[in-house]
Amino acid sequence: MVTLSDIGVSAGFNIVSAMIFLIAFAILRIQPFNDRVYFPKWYLKGLRTSPTQSGAFARKFINLDYRSYVRFLNWMPAALKMPEPELIDHAGLDSAVYLRIYLLGLKIFVPIAILAWVMLVPVNATDKSLSNLSKEQNVSSSGIDILSISNVADRSERFWAHLVAAYAFTFWTCYMLLKEYEKVTNMRLQFLATEKRRPDQFTVLVRNVPPDPDESVSELVEHFFLVNHPDSYLTHQVVYNANVLAKLVKKKEKLQNWLDYYQLKESRNPQAKKPMKKTGFLGLCGEKVDAIEFYETGIEIAEEKVRVKDDSKCIMPAAFVSFKTRWAAAVCAQTQQSRNPTIWLSEWAAEPRDVYWQNLAIPYVHLTVRRLIMAVAFFFLTFFFIIPIAFVQSLANIEEIEKKAPFLRAIIEVGFIKSFIQGFLPGIALKLFLIFLPAVLMIMSKFEGFISISSLERRAASRYYLFNFVNVFLGSIIAGTALDQLNTFLKQSPSEYPTTIGVAIPMRATFFITYIMVDGWAGVAAEILMLKPLIIYHLKNFFLVKTEKDREEAMDPGSIGFNTGEPRIQLYFLLGLVYAAVTPLILPFIIVFFALAYLVFRHQIINVYNQEYESAAAFWPDVHGRIITALVFSQIALLGLLTSKKVANATPLILVLPVLTIGFHRFCKGRFEPAFVKYPLEEAMRKDTLERARDPHFDLKKYLKDAYIHPVFKCDDEDSEDDFSGIRKWEQDSVIVATKRTSRRNTPAPSKISQGSSPDIILLKAQMEP
């Protein structure tokens, strides 16, 4: 079993590692040649200039001001100094609300930890259950377990303290969740009310446009909305399958970078031999040719642009439809457009930065099949990952392994090696096993067909959370319990299994403590060092950068990574709530994580991360729901544990807690969640009215005309603009289109495309009346 000395060794390793990372960061950040690595956000905003442009040669690379080294830790108070309203203006509401998750963890667990240590730790520590159990049933235990509920004897009156604590923890957690949900909801509504004009406020994505033999998708969309939204429809942009073209554009940009590199190389030394390149695999074999001539040939993308423009197969049955007001867009996005609920499906368009263009080319009818395939794949991924989890748990239970492999005892019994293996190695091993998981889950989300980066990240986050819950939490408990009590299981009757498992579950807290220190202490401290972006930036700066634009592109500010960061936070909420009444020793380790992570990520959000999109905190209902799930599970776990302890009188009282918690969740869902999935018409009308009063002559159509054109068509060269101008001209300038269908359900004015005339709409209505 892991002992207090093993935990001390692990704590020492991780504290030293965290301090090394933080000190290294504090020194590296003040060096002039690292300025773009540790402050890229200010450069992207144009509010910071490079300190390497002037002064002595040495000063361009190394900070020679000794006073800077004296104050090298001033980044900590600076990270806390910026007030929240200013932070929202600087980094966006998503980033500010993301930080509030860490604050919520502190608000919940600091009072819970104080109460648990004052009330429960003395109750647990003063009983003698484990010492008696180890003599009678040969159950393994450690000094840490003395402080847990496992040390309380069966049927003891002491369990009333745990029952009271469970009620106190539940009510406090629900109270803080209620206040935070209310606060974030008000922040979101305030943000939407004061936010500047954005294209997605006026735009709706319409999918599953029904095919029509007489009209193109663009004509059909325009006709439908002129008929059904005659006073509010403004313009539209059909969706193109430009994925092949996007790959060509990306490949051309890559070749252009190589061309720039060789041209720069030749310009620096004109007298040298011309740069050569082999045309074979990876430039290692094949015919030698002039590198500049080879890359000047490039890739011709004009032909592919013409094909995308003219080929009807490249036009998807979907369109971005824009309206004259936010009110009209809200009405369209939140209502059913057709009597057939499977066609003309409307939803709010993501902001242009948030659109994941590749998935817009996936037919809507394929999405259900794709998501079913990924559900099955995720099930098997989760199931087979139990194998490495069991291996990790074997490292944390080395005494039991020694009984089965005694030849390893001579090595393992060395004090320092044993403490290192048990106190540090399991956490780092689990961290390494999980390192590629977020990328795999993001690929699965993309395959499912979600059409915005924010929805991709939220989907991957939900899968990551479920994976952590099943494998990292439940898998570690089940595998660890089986290894700890293997000898006991084999000798006792099946009727005694629940009692043994109930005693052993709290003993897994030692493994989670080691994991928290590896992931939550050293891991968070390593995040601020940004070692990978630091190395990549300097490699690019040395070999590829020749202009300020190249230097800006070499920066890699990254983002908060909701798909990886939020599930990690939720695991700590789960551990804290489950073990608060069981093993309070874990709570200080969790509090240190929340405090350190809040400090580190606040600094990163202010100075480094450049958020890819702004969803106005649309993820908060997911955050709230997962904390509620952790709270309910903690109550069920405590119920099972007290049942194994033969405390029958407490069972009905514990059963009340999940019922109350679920009822509380339903209340919050009905009270606050609509603000995150719908846009109130009252707010839309108010913002439209204010905007018309402030800027009555604003040309909204011009503002929206290029907002939702595929990025591959937004090129700087004039030829690319000319290739797409024909499409944009008639889609943007035509106001009314006469239908070509034989039904002759025409719009009320002549079309600029067909030049046909349409009968008066009033006359049509009169003819239809009996």
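Helix 28 has 18 residues, which at 1.5 Å a residue should span 26 Å; the C-alpha atoms at its ends are 25 Å apart, which agrees. The model is a predicted one.

A search of the whole structure returns 36 aromatic pairs. In one of them, the ring centres of Phe109 and Phe573 are 5.8 Å apart and the ring planes meet at 40 degrees, so the pair is tilted. An angle under 30 degrees would have counted as stacked, and one over 60 as edge-to-face. Phe109 belongs to helix 7 (residues 93-125) and Phe573 to helix 28 (residues 562-579); the two are 464 residues apart, and the pair thus links distant parts of the chain. Are these two residues buried or exposed? Phe109 has a relative accessible area of 0% and is buried. Phe573 also counts as buried, at 0% relative accessibility. Both rings are members of a cluster linked by ring pairs, which consists of Tyr98, Tyr102, Phe109, Tyr572, Phe573, Phe593, Phe594 and Phe601.

Rings also take part in contacts with charged groups. The charged end of Arg197 sits over the ring of Phe698, at 3.6 Å from the ring centre. Likewise, the charged end of Arg463 sits over the ring of Phe378, at 5.0 Å from the centre.

Next come the strands. Strand 5 (residues 315-323) is mostly covered, with seven of its nine residues buried. Strand 1 (residues 203-207) runs antiparallel to strand 5 and is joined to it by five bridges. Within this pairing, Arg207 has Ala318 of strand 5 as its bridge partner. Strand 2 (residues 233-240) is also antiparallel to strand 5, with six bridges joining the two. Here Tyr233 is bridged to Phe323 in strand 5, and Gln237 to Phe320 in strand 5. As for burial, strand 2 is mostly covered: eight of its eight residues are buried.

Where do its buried residues lie around the axis? The buried residues in helix 31 are Ile654, Leu657, Pro658, Thr661, Phe664, Cys668 and Phe672. Viewed down the axis of helix 31, the buried residues fall within an arc of 125 degrees, so they line one face of the helix. The face turned away from that buried side carries the exposed residues Pro652, Val659, Arg666 and Gly670.

Cys668, one of the buried residues of helix 31, brings in the last topic, the cysteines. How many disulfides does the structure hold? The count is zero. For Cys668, the closest cysteine sulfur is that of Cys174, 7.8 Å away, which is too far for a bond; the cut-off for a disulfide is 2.5 Å. Cys668 has a relative accessible area of 0% and is therefore buried. Cys332 likewise counts as buried, at 0% relative accessibility.

Methods: Residues numbered from 1 in each chain as written. Predicted model: local features only at pLDDT ≥ 70, side-chain atom pairs only at ≥ 80, totals over all residues. Heavy atoms only, no water. Phe/Tyr/Trp six-rings, centres within 6.5 Å; stacked < 30°, edge-to-face > 60°. Helix = DSSP H or I, 4+ residues; strand = E, 2+ residues; numbered from the N terminus. Buried < 20%, exposed > 50% of the residue type's maximum accessible area, 1.4 Å probe, protein only. Lys NZ or Arg CZ within 6 Å of the ring centre and 35° of its normal. Expected span 1.5 Å × (residues − 1). Pairing = 2+ DSSP bridges. Arc of directions from axis to C-beta.
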